[in-house]
Amino acid sequence: MTKPSLPELLHAAVTAVGGTERPGQVAMAEAVAEVIDDGSHLLVQAGTGTGKSLGYLVPALAHGERVVVATATLALQRQLVERDLPRTVDALHPLMRRRPQFAMLKGRSNYLCLHRLHEGAPQEEEEGLFDQFEAAAPTSKLGQDLLRMRDWADETETGDRDDLTPGVSDRAWSQVSVSSRECLGASKCAYGAECFAEAARERAKLADVVVTNHALLAIDAIEGAPVLPQHEVLIVDEAHELVSRVTGVATGELTPGQVNRAVRRAAKLVNEKAADQLQTASEGFERLMELALPGRLEEIPEDLGYALMALRDAARTVITALGSTRDKSVQDEDAVRKQALASVESIHDVAERITNGSEYDVVWYERHDRFGASLRVAPMSVSGLLREKLFTERSVILTSATLKLGGDFNGVGASLGLAPEGTESDDAPQWKGLDVGSPFDYGKQGILYVAKHLARPGREGTRSDMLDELTELIEAAGGRTLGLFSSMRAAQSAAEELRERLDMPILLQGEETLGELIKGFAADAKTCLFGTLSLWQGVDVPGSSCQLVIMDKIPFPRPDDPLMSARQKAVDEAGGNGFMAVAATHAALLMAQGAGRLVRASGDRGVVAVLDPRLATARYGSYLRASLPDFWYTTDRNQARRSLAAIDAAAKAAEA
């Protein structure tokens, strides 16, 4: 029997999911198959509606090697495991004569811990454990959630937090889950044989396709202890998110509350001298943090240096002491000890990292209204780490609707540790970029309107001309507006102002869960939804409910953002253009994602309105515009209003 061709396999898969084959999807599948065969790497931009999941799944399954697919969002993980993979495997089975297995794998804290559920959580104040079910009043929300999780534990096959509906708060979940550092290990745990996290790992070892998330991929790369099974092909979907997710995993934090918890957890398990040493170091650190002012620390102040060395040394003493003392009065001592050890090790590692003072790290203070001050440390760049850990010994395919910024892939490539496309050298991973376009006709379906007549946005203060413009545009559109704001404060003040001016419902991020807000926005054409960062990427509302997407200003990082400004300065000092490499690239990615909210289906029509004249007038404006979908472009405010009114009238006629 002859081996089925890639076009045959793709046709079968697309038919099975009820889709239609698109030229971009075919081009993508062929390119993926090619790089898997020759062991090179691919950055592929596939616009909304291309069908990119099948564009990479079909050639990966056909190749027959083990594949890891890493995504940024829960929604896409679920879509792959619950919809795309089952249908694709069923469709390909008659042609390939084999049925590839697939599994989902997440970090340990995403799974219910049976030991924690049945034995209780180690208690903070007293030795031993406490029964969280008794401690929480059965009538309280926490008590009800805990009782519901106890019942759920008997029925669930996965123990995966995301399979629990309705979901529970982080506080409730923390009562029944453990981090990898707190885990006793399957061989030492009374529930090891039934452990949900271990079962997920075993399924992943046997699977041909393992679906995971960017965070677990980062942990696998950074921590050196492999979490993911050996694989020959890595596919990173939503790849525009990868750098920020890896940075997040590689960021360390110290807070007085965290240090105090570690002191309480360790106090009963070590000798008095070791406990006192950690307590004293903790108090010194807390006094300093009360005076901490937000901002980057280019050099570690002397008093902070001493406080961190004291913490590091005291933590090291406690870690040694924890290994040698036993206390029979402590109930389930191994679990209590493991949790204490995890807390103290985390403090030791961050204190030591900041004390050692790598030139490749950025250190800063942060202040939060509710949680007080924290000390943070993050890598200046993760590009070297990604180049070394991601692109060796496997083919990597990175895909997203937004990877090509300012007309090429080199900006995103550089952030991933890749040399410019086409560079030939022994240590530069070979890669190519491919833009397979979009099935949508952006030039006919959408308009990019830049409000060139408005004043440039300043750092502070209300923008009354912008609010007037916003009001007029929403009136012309008849509602149907997604407002993307560069800060929560800007979104709130716009919502307050427009609720008084307009007779239309205006939903505001934070006033409801994101899911409820999006549902409310999609259900009523007159409704508008205002919000900040997560809305720039997380909203998928095809049809006439979203016909106007507004960006209040170009979303550059804040000038006082310690990590971004440090990265920008480093590029400048190396002879590059820090503003373009860091700030403009950051803004371009967000704007491309935000503009992508407008056209989600072939019948969608609308306007993306940017209320920041710099997009039309500044030198970097053309770079940002080249990163957006190829909409028809205008700065004529009357044209924008007429178009919105016509689109609204057509939508009303269709609705009637």
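Predicted model: local features only at pLDDT ≥ 70, side-chain atom pairs only at ≥ 80, totals over all residues.

Trainee: Which residue of strand 11 stands opposite Glu 253?

Mentor: Start with strand 8, residues 252-254, which pairs with strand 11 in the antiparallel sense over three bridges. Within strand 11, the residue opposite Glu 253 is Arg 376.

Trainee: And in strand 11, what is the bridge partner of Val 363?

Mentor: Look at strand 10, residues 361-368, which runs antiparallel to strand 11 with eight bridges joining them. The two form a hairpin with three residues between them. In strand 11, Val 363 has as its bridge partner Val 377.

Trainee: How far does helix 15 reach from its first C-alpha to its last?

Mentor: Helix 15 runs over residues 333-356, so that's 24 residues. At 1.5 Å a residue you'd expect 34 Å, and the helix comes close to that. After it comes Gly 357, with a positive phi near 60°. The reach of helix 15 itself is 34 Å.

Trainee: How many disulfides does a search of the whole structure find?

Mentor: Cys 195 has its closest cysteine sulfur in Cys 183, 6.2 Å away, which is too far for a bond because the cut-off is 2.5 Å. Cys 189, which is buried at 18% relative accessible area, is in no disulfide either, with the sulfur of Cys 113 nearest at 6.1 Å. The count for the whole structure is zero.

Key: Residues numbered from 1 in each chain as written. Heavy atoms only, no water. Pairing = 2+ DSSP bridges. Helix = DSSP H or I, 4+ residues; strand = E, 2+ residues; numbered from the N terminus. Expected span 1.5 Å × (residues − 1). Buried < 20%, exposed > 50% of the residue type's maximum accessible area, 1.4 Å probe, protein only.
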